[in-house]
Amino acid sequence: MRATVTEKEFVLPSARVAALTALVVSASDAPRRTVVSPLSGRPLAQIPHSSRADVSGAVLAARSAARQWRELGPRRRAAIILGFHDRLLAGRDEVLDLIQLETGKTRADAFEEVAEVANVARYYARTAADLLAPRRRRGVLPMLASATQTRLPRGVVGIVTPWNCPFALSLGDSIAALLAGNVVVVRPDPRTSLCVLWGLRQLVAAGLPSGVLQVVVGDGDPVGEAVVRCADYVSYTGSTRTGRLVAAIAAERLIGCSLELGGKNALYVRPDAPLARAVDIARRSVFTIAGQYCVHTERLVLHRDIAEEFLRLFLAAIAGMRLGVGLEYGYDMGSLLGPDQLRRVSEHVEDARRRGATVLAGGRHRPDIGPWVYEPTVLEGISAAMEVRDAETFGPVVSVYRVESDDAAVRLINDTDYGLHATIVSGDRTAARALAPQLRTGTVSINESSASSWGAVGATMGARGDSGTGNRHGPDGLLAYTVVQSVAEQRVGTLGAQGAQGQRRFADWFSRSLMAARRSGLP
């Protein structure tokens, strides 16, 4: 692994920071906290923090803007979002800098966030009108009655997002909710709010009415919790532990919620896999965003027939990775977010090492590259006693397992409380497709990293087990932000009678009608 140290001072002009932080819903005398850039370990900006009262004010302001936004209709709302799409791509270098400065990821990884938001914006802008269009449904009996099913916005949607993909998750989920006709209050992680505020600025410039999207900033307690307690629907992305707390509050309030939580994702290399391609897929699956990605691979499942040769090629590929902190393209992996994440990764690796695991690659902190850079790490000989076996590491660490058959691979992949994503690499796509339904995961990628599932915005990404209950992307990703209202209309006749004789005649007539519907093939 080649170390590349960039001497550049990673700083932002104070006027630029002030223009962005002015968009935070907070008091004029709100406390400010210093955000540190993972690229340098130095202060990046001071961010005002919102209070519970600020959250209540943001929700109230959003409610006041709801009618105007709803009455614009799907097509005018879509035109605004498409305008944002164009502004985003035209100004992408500016937001790429912000994403990198806040998260420490490489520019290529940061671009994936921009591409995700643009992809989601275009997809939902083009499909929202059709998805929201009223649907005619059959009434109680043909010709006598009809019904119409309508999708209505939920109201104020609260979106709480983490630090690892702040722009993609905050803006992508907000766009889906907005195009469903809702107003939104979003709480990005306070360490990574600048890029989200940049996105809000571009939306306003594209024509988003005032108040429709509000940004509050602060810790989960009190600000994130306040959003969950005030919104009409909640979308939460983050840890399973906090997801359970969000679910409990939502249940107490009898509101809906979407939860996209952790993962312990596996990549299976079948014996017929093209190994050079498998190595490239595995390298990207494991080490994208330095492993700080809910759908990245933490378990590498190898068929014994190809295990030795695959590992030889895989370890060579890791040795050639270019690690670095810098705003230019060219690095293969960047930094962890900060000292807490570095501590967690180091503890998982050292615990495994002490308990007998073999470190095939990496296993070291690299402060010579960046303050919180950790080497791409490969472990083998994992046992149930090791923390890394079942807990989500959320770092550039992968554990190797060898299996004798597809059946053994399926058992191992499913041997986790999580159920977010899995990858299969195979020369036989038919065989890989046959394995996919056996995996207890929300998504499966075949012959590509999770980028293929993440990028397929027309297909819904689900989750199972401790990975949550949410749906992102696809029709379900927008419809989740709506409620169904059905209107049934009786055209002729009545559905009841008075008196014993009338009720008997009605029952006979209705029974004959049901049998006629049965014979006609009606659903």
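A: Happy to. Let's begin with the lining of the largest cavity, which divides into four nonpolar, seven polar and four charged residues. Here Ala, Val, Leu, Ile, Met, Phe, Trp, Tyr, Cys and Pro count as nonpolar, Asp, Glu, Lys and Arg as charged, and the others, Gly among them, as polar. The model is predicted, so local features need pLDDT of at least 70 and side-chain atom pairs count only at pLDDT 80 or more, while totals for chains, interfaces and linings use all residues. Residues are numbered from 1 along each chain as its sequence is written, and side-chain values use heavy atoms, with hydrogens and water left out.

On a 1 Å grid over the protein atoms alone, a cavity is a set of points where a 1.4 Å probe fits but cannot get out; a pocket is an open set with protein on both sides within 12 Å along at least five of seven lines; and lining residues have an atom within 4 Å of a point. Grid points are joined across faces, edges and corners, and a volume is the space filled by probe spheres set on the points.

By this rule there are five cavities of 30 Å³ or more. The largest cavity holds about 110 Å³. Its lining has 15 residues, and Asp173, Asn471, Arg472, His473 and Tyr481 lie nearest its centre. Two or more lining residues come from each of H4, helix H5 (166–179) and strand S10 (256–260); helices (H or I, at least four residues) and strands (E, at least two) are DSSP runs, numbered from the N terminus.

Of its 20 lining residues, Ala108, Asp109, Glu112, Thr288 and Ala451 are nearest the centre. Helix H4 (107–132), helix H9 (275–287) and helix H15 (450–455) each supply two or more of them. By class, the lining has seven nonpolar, seven polar and six charged residues.

Finally, the largest pocket has a volume of about 1,400 Å³. It is lined by 49 residues, with Pro162, Trp163, Asp189, Arg191 and Ser239 closest to its centre. Among the elements giving at least two lining residues are strand S2 (32–36), helix H7 (220–230) and helix H11 (339–354). H8 contributes the largest share, seven residues. This lining comprises 21 nonpolar, 14 polar and 14 charged residues.
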